Amino acid sequence: MSSFGASLRSLRRSAGLTIEQLAEASGVSGRAISDMERGHSRAPQTRTLAALAKGLGLGDDRLAVLEDAAREQRARNTGDRPRVCELPRAVADFVGRAAELDLVRGHLVGRHVSTGGERGPAPVVVVHGQAGLGKTAFALRVAGDLGDRFPDGRFYLDLRGTDAEPMTVGEALVRLLRALEMSPRRIAETDEERSSQLRSVLRDRRCLLVLDNAAGEAQVRPLLPADGAGVAVVTSRRVLGGLEGVLRIPLPPFAAAESAELLATIAAQAVGPGVDQVADLCGHLPLALRIAGTRLATRPAWTVDHLVTRLADADRRLALLSLGDTGVATAFALSHAQLSAPARTLFRRLAHVPGVCFSPEIAATLAGIGPDDAVDGLEELVELGLLMPEPDGWVRYRFHDLIRLFAAQRLGIEEPPGVRAETDRRLTRWLLETAIVAGRWFEPGYGSRPDDYDGLVPLATEKEAAEWLQAEADNWLGALRQAAADGSHQLVVDVAEALHWFSDSMVFWEGWYEVYGLSRAAAAALPDRRQEVTHLNYHSWAATHAARRPEEGADIAMAAYELAAAIGDVKEQGWALTYAGTASRFAGQLDRALPLYRRAQQLAADAGDHDGYVQHFQGLGLLLAAMGRREESLEMFAATLRELDVRPVSPRPAASARAGAHTFAAEVLADLGRWQEARREAELALPLVRRTGDNSLVGQVHLTLGRARNALGEQEEARAELIRALELLEETHFRKGVELARALLMQ
């Protein structure tokens, strides 16, 4: 018999109570009291001891004797027996995660423990995310920070969720019950009964369970406290969406400052601008940062720049981010091993995607499956932390940079070169054919999708077409590069041609310079010189607007003019001079631009190019405004509207010209201080520019409305217009407008 057991029996007999009577008075079961007295269980925790003292009616002196005996037995048990479910060593140099830690503390403490809310549901936190994010370190930090809140113990159990055979529910329950000092002889035979025992014990004890590396809901659910004083923190690579009433904390990669702090904590050399490059190359993944920092710390001769050079080699980066028995690729491989066979195929083939993010339709094309099956596969990858859903509401996904490298590694290992090449060709062809269909919604000669189109993406409206082209810009541009490298010259030209009018809806996108550089080179490799001059002109426009290289734009335009003159193409001569005039205007060479614009308009009239003719008025109007000849400028914009009423201009060019005429007239009127007229023109322009889809124009109209309303004393309305203008102009990189909007907002 233990000294505690002897003391308890003596006090019970002195009180004249049987075991059954003490059980009734204290609320502690008779079986438990019997086990304590005979030394068959460990000394009780604080709450049980208090209940026994109350049942025995002990005063302070006799309670102190019983507490001393319990303390002595706990100390002896600790020394004689191995501790079960003891917290492992925490990370000493833990950094960051302040917001997430505050959220968890508030949930575990503010809502439950500090208020004594033992009657309500027990708080449970699920910390989830991809491999390498530091989920275990985070959970142990929580346990360490809240130690004084859980006097009845903090327990850790690795559920081995990424093993080929995770820990069984039965084994997990036995370990937890033993850790909570239940006699092995009392542990029930079935998992259901053991789960009930665990909930019963946790109901009366302020314990914190860290259930690490959970495989799934079915493994975790029987281990969770139901109500009372116990709480649990669960970590998993899976979301564990089937668990109800839990707080989910998705751990993201580190912020830049957190990455720099961790590197500096580990390695003294981790200072200077190169640290940000190391963090970027590690994808701000804590595991990768820790390995990179350790490599630096253990090689005093290395500099940060040396580490950057080594990490910059994408083919060797994963190998470098491995140290001892720890590695980024090894961590990813544990999740990869749990994928179904179709999901593995999808995972590796997603390495073909040229852009940063992608849609289910791209995944379906790569895997040769339907979009619904693709979504199922993508969600399986998300569930295991191998893919991230985009947060903006669209059904789109992206890789973490290091997981993309791992996927490419698996692709090279698991698929032969011929299969890889065919998959790449299939994706390239699909992206470019879809881009052509989408782009032709905006072309004057089309204005809709083909009647026989039955592609994966609906593209049933101009809006759907624009959204797809914008969302997949990085991907179809990557496919265009691949087609150019493969020598598919006519396909490159066809894609660029189909996107010509759409390009007006995102004028300042830098990608246009590459698009039309590729199509210019492709057209030069084909026998049709008219195609070549057209794409020279497009490249001139892109150099001036997208790349902001007006001098280069002017040179390209004049080369296009010479070629157009040589082959007798009057229409393209006119466009070449227009692009040369615009480039000269952007370069500040206003006197040079004026005759170019006037000659261009005459050539358009000679060629019967009605679409071009009305567009040239706008160039002249903007130039005259820049020259300070504002009244003449307003006449050019008015002439645009008059000509649109009498000429057979195609719908898309007409809509663009009408929107531009009102937009630019409003700006000139604002510059003249004619605020009422400026506001009226801007209000006419706003619905028109919204329909064009050109956010730079929409932003300019909001800016003019803000200027006008500010001058007219409508300060509150003006501020709202200026804020909206700034958002749109920053998004489209229209620097002049951004500067003006900021200046007005600061007044």
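Visitor: What makes glutamate 552 and arginine 549 a salt bridge?

Guide: Keep in mind that this is a predicted model. The closest N and O atoms of glutamate 552 and arginine 549 are 3.4 Å apart, and the cut-off is within 4 Å, so the pair counts.

Visitor: And why is glutamate 552 called partly exposed?

Guide: Its relative accessible area is 25%. Buried would need under 20% and exposed over 50%, so glutamate 552 falls in between. Arginine 549 gets the partly exposed label too, at 39%.

Visitor: What about glutamate 415 and arginine 349, how do you know that they pair up?

Guide: Their side chains meet at 2.8 Å, N to O, and that is within 4 Å, so it's a salt bridge. The two sit 66 residues apart, with arginine 349 in helix H17 and glutamate 415 in the loop between helices H20 and H21.

Visitor: Is that pair buried or exposed?

Guide: Buried: glutamate 415 has 5% relative accessibility and arginine 349 has 15%. The limit is under 20%, so both labels hold.

Visitor: Now arginine 237: why is there no salt bridge for this one?

Guide: The nearest side chain of opposite charge, aspartate 163, is 8.7 Å away. A salt bridge has to be within 4 Å, so arginine 237 goes without, though it is buried.

Visitor: So what does the side chain of arginine 237 reach?

Guide: The backbone oxygen of alanine 331, at 2.6 Å. There's also serine 335: the side chains meet at 2.7 Å, which is within 3.5 Å and therefore a polar contact.

Notes
Residues are numbered from 1 along each chain as its sequence is written. This is a predicted model: local features need pLDDT of at least 70, side-chain atom pairs count only at pLDDT 80 or more; totals for chains, interfaces and linings use all residues. Side-chain values use heavy atoms; hydrogens and water are left out. Buried means under 20% relative accessible area, exposed over 50%, partly exposed in between (1.4 Å probe, protein chains only). Lys and Arg count as positive and Asp and Glu as negative; His and the chain ends are not counted. A polar contact is a pair of N or O atoms within 3.5 Å; within protein, one must be able to donate a hydrogen and the other to accept it, and residues adjacent in sequence count only if both atoms are side-chain atoms. Helices (H or I, at least four residues) and strands (E, at least two) are DSSP runs, numbered from the N terminus.
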